[in-house]
Amino acid sequence: MAGPLVVVLIGVGMLVGVLAGGLGRVEPAPVSAALADEARRVGRWSWGGLAMGVVAAAAVGQWDRLGRGLLLAAPVLGLAVLAGTIGGELAVTGPTAGTRRAGLRARRVGDYVPRRAAVMVAGAAAALVAVAVGAILAGSDDDLGRAGRVLTTSCSPDTSSSRGPWPGWFYSGPLLAVVGMGLVLAVVALRAVVSRPRMTIDQASVPVGGDSTSTCGRAGPMDADASAMALDEALRRWSAKRVVAACAMVVALPLLGMASVGAVVLAGAECLPAGGRAAGAALVLVAPLAAVLLGWSVHALLIPAGLRAGSGGVGRA
Amino acid sequence: MSPVDGPGAGADIAVDVFDPTPPYEQIRRQIVALVSSGALVPGDRLPTVRQLANDLGLATGTVARAYRELEAAGWLHTRRGAGTRVGSTPPRPTADPAALRQLADEFVRRARFLGADDTTILNRVTDALS
């Protein structure tokens with residue numbers, strides 16, 4: 001009974017997540033061809049990371065017939081996206097003109113990350129750690145001695161039964177290591193998003209009162225600088241959103257898998273100790289929430305930056 | 001708060017790397033000028049050394065030196081976790097007579113070049129002071 005229910009809840013959750021991810025729309029802004037090139041370089045790194053992640057996830061998914069590869073595939077995909085984002089931010093070149101300008105506004109991570117999604121990811125990460133620790137503590141070795149791979153319950157002092165696969169140390173240990181790496185990479189990526197050089201129009205190349213760009217219309221230096229600023233801010237928001245989405249990918253699919261498998265094992269277990277049924281019910285509730293986050297993550301990772309040279313627009317990603 | 005608003009949002013500084021004045025001194029002078037003019041007020045948060053250095057294409061040590069000197073003079077203060085902010089009681093700048101004389105000479109020279117006589121120049125200065 002628990003199995004089909006979990007599957008239905010997961011399907012509904014992912015649908016909600018994908019639909020929620022589609023609510024952010026594009027705010028057009030003028031973009032010069034030179035800046036669009038710079039922005040595209042950031043985008044190429046990020047998309048390259050995603051492509052590498054898909055390949056790496058497919059390879060990791062083949063590892064270990066007992067399911068650890070499948071469990072680690074999504075986190076590995078998330079790690080690759082994070083690495084691509086870091087590469088893209090580091091690829092932004094600083095000013096090279098003789099006279100360089102900089103604003104004195106302190107950029108903060110909170111200015112760029114989508115807050116609700118970040119809170120959801122933090123909650124999912126906490127839930128994942130809680131589920132993993134609980135499963136590690138409750139798990140037992142299986143018949144081949146693999147740590148925490150089954151849940152053993154006893155109905156009497158003489159009899160016991162084991163059910164698995166249980167997401168104990170055998171699964172949770174490598175997962176927590178990869179998730180930890182993901183969180184470290186996310187911090188590095190967000191620091192790179194905030195502190196990378198600001199994209200500016202090379203003022204030396206802008207004729208006074210003239211058009212600094214080939215495609216931006218008849219904009220003067222101030223207009224060009226304002227459009228560069230708008231592009232810069234939009235690109236930072238886009239990158240920060242991808243970082244949060246990658247983190248969601250790192251935690252949501254493993255949480256979904258562990259909660260679903262754990263709920264099914266608990267639903268079929270006999271003579272559960274006190275709290276076992278409640279834990280099972282909690283896992284049934286956690287699984288669709290993880291699915292919502294996963295749906296949002298997939299959608300967010302597939303949103304392009306929305307850059308078009310010429311009449312260009314910058315996606316408010 | 002929107003990323004483009006907030007303290008210091010409108011304040012820019014510019015560094016000319018070909019200017020004989022060292023970049024750290026250019027940064028120091030401009031921040032002093034912005035605080036003195038009220039464009040930056042006590043408590044305003046400044047960018048991190050790394051952010052400003054990256055935006056200006058300078059070494060972090062260059063910006064760090066400017067910040068250090070401004071902190072030593074009381075213009076800025078840095079606290080762990082709170083970042084670098086404009087000091088609550090920034091020192092009042094003392095007018096350098098030589099620099100003032102240089103500014104006045106430059107103004108008079110340009111005004112005469114525009115065709116203004118001494119009386120007109122004096123009147124415009126009086127207007128500006130009021």
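User: What share of the 317 residues in chain A is buried?

Analyst: This is a predicted model, and totals for its chains use all residues. A residue is buried when its relative accessible area is under 20%. For the 317 residues of chain A, the buried share is 51%.

User: In what order do the elements of chain A run from the N terminus?

Analyst: Chain A holds seven helices and three strands. Read from the N terminus, these elements follow the order α-α-α-β-α-β-β-α-α-α.

User: How much of the accessible surface of chain A belongs to carbon and sulfur atoms?

Analyst: The accessible surface of chain A is about 14000 Å². Of that area, the part belonging to carbon and sulfur atoms is 68%.

User: Why is chain B described as more spread out than a compact globule?

Analyst: Chain B comprises five helices and four strands. For its 130 residues the globule rule gives 14 Å, and the radius of gyration is well over that value, so chain B is more spread out than a compact globule. The radius of gyration in question is 18 Å.

User: What box do the C-alpha atoms of chain B fill?

Analyst: The box is taken along the principal axes of chain B. Its dimensions are roughly 55 × 35 × 30 Å.

User: How far apart do the centres of the positive and negative side chains of chain B lie?

Analyst: Chain B carries 15 positive side chains and 15 negative ones.

Note on methods. Residues are numbered from 1 along each chain as its sequence is written. Chains are lettered from A and ligands numbered from 1 in the order in which they are written. This is a predicted model: local features need pLDDT of at least 70, side-chain atom pairs count only at pLDDT 80 or more; totals for chains, interfaces and linings use all residues. Side-chain values use heavy atoms; hydrogens and water are left out. Helices (H or I, at least four residues) and strands (E, at least two) are DSSP runs, numbered from the N terminus. The radius of gyration is taken over C-alpha atoms; the globule rule is 2.2 Å times the number of residues to the power 0.38. Lys and Arg count as positive and Asp and Glu as negative; His and the chain ends are not counted. The place of a charge is taken as NZ of Lys, CZ of Arg, CG of Asp or CD of Glu. Buried means under 20% relative accessible area, exposed over 50%, partly exposed in between (1.4 Å probe, protein chains only). Accessible areas come from the Shrake-Rupley method with a 1.4 Å probe; for residues, only the protein chains shown count as cover.
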